[in-house]
Amino acid sequence: MLTIYGVYRSRASRNYWLAGELGLPFVSVPVVQARRVADPLSTDAPLNTRSPDFLAVNPTGLVPCIDDGGFVMTESLAINLYLARKHGGPLSGQTVTEEAEMLQWTMWAATEVEPHAVKIVLAFDTGAQDSEEGRSVIAKASQALARGFQRLDQHLAATGHVVGDRFTVADLNLAEVFRYAMGQPALFDAAPNVKAWLARCQSRPAFKAMMETRSGELE
């Protein structure tokens, strides 16, 4: 049985979405980020990323992580690549070349897009988007993202998908990274292929089910 550690309001959302796409049964262990807990080490604190019970599973103290029949793995995007490869089907690479492309695009999103996009979502999460400092952070992040948006926009012009001509784990991984920038619609307006692609990804039943569960979690 697959166990996913992490609340839906974390990068674990990526793994919950993929599990839904694959139709995988799983156990969800809601581990809250310690920064959301007043005293993460108190005896009545919810299970969080500083809890000894969680650190015994994942010493890095980060969510998500999975336990797949005794195999423990961290890093949300890598977990998705692993699960797609293990369970096969259209979401996975059908050739060595496709697998390489999925890895390439995922690494690109993690290193070139997410560091900037996450600054936007954090600004909104903390309510800083209307402050002078928050606006500056968002503006700089958006400027840094413009080139990446254009690169993906040009790439999607061919088939509307990241790899091949179908929805794959690469689309899912990138869609979850680009979701962080949704607070800046101008970026998507300037990249119409990216805007349409993200809308298609987010119209999938498994994404909607994941987001419905996510919206039901306590802040």
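These legends accompany close-up views of a predicted model.

Residues are numbered from 1 along each chain as its sequence is written, and side-chain values use heavy atoms, with hydrogens and water left out. Because the model is predicted, local features need pLDDT of at least 70 and side-chain atom pairs count only at pLDDT 80 or more, while totals for chains, interfaces and linings use all residues.

**View 1. The four-stranded sheet.**
The sheet is open, with strand order β2-β1-β3-β4 and mixed pairing. Strands β2 (26-29) and β4 (71-74) form the edges, each pairing on one side only. On average, neighbouring strands of this sheet are turned by 20° against each other, direction ignored. Here, axes are lines fitted to C-alpha atoms, for helices over the stretch in contact, and angles run from 0 to 180 degrees between N-to-C directions. Strands (E, at least two residues) and helices (H or I, at least four) are DSSP runs, numbered from the N terminus. Two strands pair if DSSP finds at least two bridges between them.

**View 2. Strand β3 and its two partners.**
Strand β3 covers residues 65-68 and pairs with β4 in the antiparallel sense, over four bridges. Strand β1 (residues 2-5) also pairs with β3 in the antiparallel sense, over four bridges. C65 is the bridge partner of Y5. C65 also stands opposite T74 in β4. β3 and β4 form a hairpin with two residues between them. In the turn, G69 has a positive phi of about 65°.

The V63 to P64 peptide bond is cis, with omega near 5°. P64 lies in the loop between α2 and β3. E75 is found in the loop between β4 and α3. E75 has a positive phi of about 75°, although it is not a glycine. With a relative accessible area of 54%, E75 is exposed. Buried means under 20% relative accessible area, exposed over 50%, and partly exposed in between (1.4 Å probe, protein chains only).

Helix α1 is mostly covered, with nine of its 11 residues buried. Among them are Y16, W17 and L18. Y16 has a relative accessible area of 3%. A search of the whole structure finds 11 aromatic pairs. In one, the ring centres of Y16 and F26 lie 5.5 Å apart and the planes meet at 45°, so the pair is tilted. Y16 belongs to helix α1 (residues 12-22) and F26 to strand β2, so this pair links distant parts of the chain, 10 residues apart. F26 is partly exposed, at 28% relative accessible area. Rings of Phe, Tyr and Trp (its six-membered ring) pair if their centres lie within 6.5 Å; planes under 30 degrees apart count as stacked, over 60 as edge-to-face and the rest as tilted. Just after α1, G23 takes a positive phi of about 70°.

**View 3. The loop between β2 and α2.**
V37 is placed in the loop between β2 and α2 (52-57). V37 counts as buried, at 14% relative accessibility. V37 and R50 are 13 residues apart along the chain. Their C-alpha atoms are separated by 10.0 Å.

**View 4. An aromatic cluster and two charges over rings.**
Ring pairs link W105, W108, F149, F178, F188 and W197 into a cluster. The charged end of R151 sits over the ring of W105, 4.6 Å from its centre. Elsewhere, R204 lies over the face of F167, at 3.8 Å from the ring centre. A charge sits over a ring if NZ of Lys or CZ of Arg is within 6 Å of the ring centre and within 35 degrees of the ring normal.

**View 5. The largest pocket.**
The largest pocket holds about 990 Å³ of space. Its lining has 35 residues, of which S10, R11, E114, V118 and Y180 lie nearest the pocket centre. Helices α1, α3 (76-87) and α4 (96-125) each supply at least two lining residues. α4 gives the most, with nine residues. On a 1 Å grid over the protein atoms alone, a pocket is an open set of points with protein on both sides within 12 Å along at least five of seven lines, where a 1.4 Å probe fits; lining residues have an atom within 4 Å of a point. Grid points are joined across faces, edges and corners, and a volume is the space filled by probe spheres set on the points.
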